[in-house]
Amino acid sequence: MASATPPVQSAVTVTQQPKGKKPPYPFYLGGVAATIAASITHPLDLTKVRLQASGDKRMIESIRKTVRTAGVRGLFDGISGTWLRQMSYSLCRFWAYDESKKILKAGPDSPPWILASAGVMAGSIAGVVGNPGEIVMVRLQGDFAKPPEKRFNYKHCFDALFRMVREEGPSSLVRGMGPNVFRSVLMNSSQLASYDFFKAELLKTDYFQDNIVCHFTASFAAGTVATTICSPADVLKSRIMNASGPGSSSTLGVIRSSLASEGPMFMFKGWVPAWTRLQPTTILIFLTFEQLKRVVDWKRGTL
């Protein structure tokens, strides 16, 4: 009778282990989190694009100019393009990053280069998938900074897509794809990978637990890293995508003309508004993402 007891205990242990293993989260959570964050920080992103693509010199002056010419509502010009971009690019990058980590067998204690490699893989895919949305977002945001005769005057993101194909051909949807994919690779290998890295390192200390304080600290560090690494590609992307004349979309041509007129520091033009925009965006994305995961856990009963 006594010898029958251990097998029963072992069977109980085996049945308990699968219950503790959480199923994968919905693939769209990252896209939803990014859309919420980008909607809140849209005025700062709008100002960053206009600084990079127009003659505006300072962030505050650019904001005042927008409010003066279009009212407070003007700070949300092109928000439909932002939504399109987030639900294509950001949704894809979060999904691809998780899948890439599975392929590379990356875990919480993985070295930074493994996480960065997963970010490179995700960025390569998301940069291609999200390129049309990226162009639409940049054009919608930068339109009112141009003289009236040079504006695209798109009604919304779908009108922009249809008119681009009709007026400029399908190839217009891949305009600036090189710099955009390059920036996407930099962004995902810096922002997503560094967030995972900083979060894991913070949780190893005695001062942090897996809560909002840890998420905020890790995302703040990730936002600063990502802004600095992505600035050159971000500037090039904005200038190329805003160009409309023949021969004006050449990456080398934009680099040569910008170097000749502004010097090498043009690659960091708009860094402060870019940091000011990306920092709260990064924080909001990851805080929202972590909270959405908690909601999913709560609904599943695995919290």
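1. The lining of the largest cavity is made up of 5 nonpolar, 4 polar and 4 charged residues. Here Ala, Val, Leu, Ile, Met, Phe, Trp, Tyr, Cys and Pro count as nonpolar, Asp, Glu, Lys and Arg as charged, and the others, Gly among them, as polar. This is a predicted model, in which local features need pLDDT of at least 70, side-chain atom pairs count only at pLDDT 80 or more, and totals for chains, interfaces and linings use all residues. Residues are numbered from 1 along each chain as its sequence is written, and side-chain values use heavy atoms, with hydrogens and water left out.

2. The largest cavity holds about 100 Å³ of space. Closest to its centre, among 13 lining residues, are Arg-85, Arg-93, Arg-277, Leu-278 and Ile-285. A cavity is a set of points on a 1 Å grid over the protein atoms alone where a 1.4 Å probe fits but cannot get out, and lining residues have an atom within 4 Å of a point. Grid points are joined across faces, edges and corners, and a volume is the space filled by probe spheres set on the points.

3. H5 provides the largest share of that lining, 5 residues. Helices are DSSP runs (H or I, at least four residues), numbered from the N terminus.

4. Because domain 1 (26–175) and domain 2 (189–282) both give residues to the lining of the largest cavity, this cavity lies between them. The domain bounds come from an automatic or database domain assignment.

5. The second largest cavity has about 60 Å³ of space. Thr-227, Asp-234, Ala-274, Arg-277 and Leu-278 are the closest to its centre, out of 11 lining residues. H10 gives the most to this lining, with 4 residues.

Technical notes. 1 Å grid on protein atoms, 1.4 Å probe; cavity = no way out; pocket = protein on both sides within 12 Å on 5 of 7 lines; lining within 4 Å. Helix = DSSP H or I, 4+ residues; strand = E, 2+ residues; numbered from the N terminus.
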